Every structure is written in structure tokens, then in C-alpha cells.
Amino acid sequence: MFQVKLNQEWNGLLTQYKADHQDPRNQFCHSIGIPMILASLPVGATIIGLPVAIPLFGVGWGFQFVGHYFEGKKPSFTEDKRQLLVGALWWSQKVGLTKVKTDA
């Protein structure tokens, strides 16, 4: 398990992200979509991997947007692009890969 220490600003971003993702259907969609998107990045870094990475990336984003349809809110990154990183952190925390600590 990785430990990540967030300052007050980034902790606020994570808190906002969690508030924007309350619907269990949205959380489910994000639990599928985020790892697909993340996996597509290193796979797509090679020419050979592009045929796999492109559908992974596209379908992953499809899950994200379907989740936000259920939530009834626009994606968090539309207000602050840092939320793209926060979403990956949220997912890694949710599946137990990361433990988040905050500056108090």
C-alpha cells in the first residue's frame, strides 16, 4: 500500500471529488472506467499497444460519463483539471492501493 500525504488544498479537492460522486451507480462506473483509462496510458505508449489502448480509453470515459448521468452532475474535472488526478487517487484509495494522510 502506498501512502500519500495531501496538503490542505489537495485534501479539499479530494473532499469535493467524493461529494460529487455519491451515487453508488456513479461510483461503480468510475470503479470500472478509471482503471481502464489509467491502463490505456502505458499500453498506448507503444505503437503496438495503440489498438488496445484506444478502445480502453474510450470505453473507460464512456463509463465515466454514464456514471455522471446517474449522478446528475457534470464531471468534477470540468471545474478544475486537477480533479483528473484526484479521480485516480480516489480510485486507488477505494481499492486499497493508497492510504491518504492529510496535513493537519
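Predicted model: local features only at pLDDT ≥ 70, side-chain atom pairs only at ≥ 80, totals over all residues.
1. The structure holds five salt bridges, a salt bridge being a side-chain nitrogen of Lys or Arg within 4 Å of a carboxyl oxygen of Asp or Glu. Side chains of opposite charge can pair when their charged atoms come close.

2. Numbering runs from 1 along each chain as its sequence is written, and side-chain values use heavy atoms, with hydrogens and water left out.

3. The protein chain has four helices and two strands. These are DSSP runs numbered from the N terminus (helices: H or I, at least four residues; strands: E, at least two). Along the sequence their order is β-α-α-α-α-β. The radius of gyration, taken over C-alpha atoms, is 14 Å for the protein chain, close to the 13 Å that the globule rule gives for 104 residues, so the chain is as compact as a globular protein of that length. The rule itself is 2.2 Å times the number of residues to the power 0.38. The C-alpha trace spans about 45 × 30 × 25 Å along its principal axes.

4. Of the 104 residues in the protein chain, 33% are buried. Here buried means under 20% relative accessible area, exposed means over 50%, and partly exposed lies in between (1.4 Å probe, protein chains only). The accessible surface of the protein chain is about 6,400 Å², with 66% of it belonging to carbon and sulfur atoms; the areas come from the Shrake-Rupley method with a 1.4 Å probe, and for residues only the protein chains shown count as cover. Contact means heavy atoms within 4.5 Å. Among contacts between residues at least 6 apart in sequence, 71% join residues at least 24 apart.

5. E9 and R82 meet through their side chains in a salt bridge (2.5 Å, N to O). The pair links distant parts of the chain, 73 residues apart: E9 belongs to helix 1 (residues 8–19), and R82 to the loop between helix 3 (50–71) and helix 4 (83–94). E9 is partly exposed at 48% relative accessible area, and R82 is partly exposed at 29%.

6. Which residue forms a salt bridge with K73? The partner is D20, with the closest N and O atoms 3.9 Å apart. K73 lies in the loop between helix 3 and helix 4 and D20 in the loop between helix 1 and helix 2, so the pair ties together parts that are 53 residues apart in sequence. K73 is partly exposed at 36% relative accessibility, whereas D20 is buried at 14%.

7. A further salt bridge joins the side chains of R25 and D23 (2.8 Å, N to O). R25 counts as partly exposed at 43% relative accessibility, and D23 is buried, with a relative accessible area of 14%.

8. N26 sits in helix 2 (residues 24–43). Is N26 buried or exposed? N26 is buried, with a relative accessible area of 0%. Its side chain makes a polar contact with the side chain of E71 at 3.0 Å. A polar contact is a pair of N or O atoms within 3.5 Å; within protein, one must be able to donate a hydrogen and the other to accept it, and residues adjacent in sequence count only if both atoms are side-chain atoms. Setting aside neighbours within four places in sequence, N26 is in contact with D20, H21, Q64, G67, H68 and E71.
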